[in-house]
Structure formats: C-alpha cells, structure tokens
Amino acid sequence: MADSEKKGGKKGGKGKLLGGVGALAVVGVVLYVFVLGGGGGEEAAAETTTTVAVEGAVIEAGELTVNLADPGETRYARVGLAVVLAFGADSGVVGERIALLQDAALSELNGFTSDELLAPTGADELRGALTDRALEIWPDGEVLRVVLTELIVQ
C-alpha cells in the first residue's frame, strides 16, 4: 500500500505542477494580449483604448419657443437648453458662442413635428441632433453634450 500511495502522490504532484504551468501560460497570454497589445500593432492598441471625458460645469443656454413642422395646424414647442462642459473648459469661451447654439436649435426644432417630439424617443433624437450641432460649434471639445431642461409641446 505504501508503494501505491507513493505512485499516486507522485502522479498527483505532476498533475498539480502541469496545472500550475498551464495556468501561468494562460495568464501570460492574457497579459501579453491586453497589456502589451499582443503584437497586433497600433490598430489593436487603438481599438482597446478609449478616453472618457469628465463632465464639468453646466451652462444654461436659455429657452426657445418654436413653430413646429406640423402640416395643416400651428403647433409650438418650448424648449430649455443647457450645455455640459468638459471638466476644466473655459465657460467664458463657451458662453461667447451660446447664440450660435440657439440659432442651430431653432433650425433643428423647425424640422420636428409635435408627434416626433412627443414620441418615446423624440427628446433623445432632439438631444442627439443638438449635441451634433454643438460639437460643430465647439470643435475643440469644450462642450460634451446638450441637455434639455424643459420640453413642452402645445
């Protein structure tokens, strides 16, 4: 019985050793791929790297009352706007161009119907369109997004 225990013990020891070596190999491959880029070149590193902008101050951009594009009847929307700045962005520089955002918002809103704005995704579509316009107005990244502080459709 002592011989069989020794053989079993040695066999178990080799199994543990091989398992440990295998685990180390897997860890090494994972580190190589994710930390060092895995030899995939700059493209692989660029795909795994993302930058998340930190939000800073919020600047009110005022309220607008706009005619909507409803055919056959006159419908209005009252919309309050604000912009979310990147952390550390100069609010003075942003404030100087708020009128451009208001003008862009008028143009965007004139293209919406009341049904579009009142739809479940209407406010999100408006936010997205206004954010796209804001990124054109402030291309250096001072503004991260536009938020709606009010949306009333009559």
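## Close-up views of a predicted model

**View 1. Ser 114 is tucked away inside the protein.** Ser 114 is buried, with a relative accessible area of 1%. Please keep in mind that this is a predicted model. You will find Ser 114 in helix H5. Which residues does Ser 114 touch, once those up to four places away in sequence are set aside? They are Leu 68, Asp 70, Arg 75 and Val 153. Two of these partners also meet the serine through polar contacts between side chains: Asp 70 at 2.9 Å and Arg 75 at 3.3 Å. Along the sequence, Ser 114 and Asp 70 are 44 residues apart, but in space their C-alpha atoms are 6.5 Å apart.

**View 2. The whole chain gives the setting for the close-ups.** The protein has 6 helices and 3 strands. Of the 154 residues in the protein, 27% are buried. Now take the contacts with a separation of 6 or more: 69% of them link residues 24 or more positions apart.

View 3. H4 has 13 residues. From its first C-alpha to its last it reaches 19 Å, close to the 18 Å expected at 1.5 Å a residue. Which residues of H4 are buried? They are Ile 98, Leu 101, Ala 104, Ala 105 and Leu 109. These residues cover an arc of only 130° around the axis, so they lie on the same side of H4. What covers the buried residues of H4? The cover includes E1, E2, helix H3 (91-95), helix H5 (114-118), H6 and E3.

**View 4. Leu 101 belongs to the largest nonpolar core.** This core has 28 residues, and those that touch the most other members are Leu 81, Val 83, Val 94, Leu 101, Leu 117 and Trp 138. Two or more core residues come from each of strand E1 (55-67), strand E2 (76-86), helix H4 (98-110), helix H6 (122-137) and strand E3 (143-153). Look closely at Leu 101: leaving out residues up to four places away in sequence, it touches Ala 61, Val 83, Leu 130, Ala 134, Ile 137, Trp 138 and Val 146. As a general background, nonpolar side chains tend to be buried together in soluble globular proteins.

**View 5. Glu 150 and Arg 78 meet through their side chains.** Glu 150 is found in strand E3. How many residues separate Glu 150 and Arg 78 in sequence? They are 72 residues apart, while their C-alpha atoms are 7.2 Å apart in space. A polar contact of 2.7 Å joins the two side chains. Beyond its neighbours within four places in sequence, Glu 150 is in contact with Glu 63, Arg 78, Val 79 and Gly 80.

How values were computed. Residues numbered from 1 in each chain as written. Predicted model: local features only at pLDDT ≥ 70, side-chain atom pairs only at ≥ 80, totals over all residues. Heavy atoms only, no water. Core = buried A, V, L, I, M, F, W, Y, C linked by side-chain atoms within 4.5 Å. Buried < 20%, exposed > 50% of the residue type's maximum accessible area, 1.4 Å probe, protein only. Helix = DSSP H or I, 4+ residues; strand = E, 2+ residues; numbered from the N terminus. Contact = heavy atoms within 4.5 Å. Polar contact = N/O pair within 3.5 Å; in protein donor to acceptor, adjacent residues only side chain to side chain. Expected span 1.5 Å × (residues − 1). Arc of directions from axis to C-beta.
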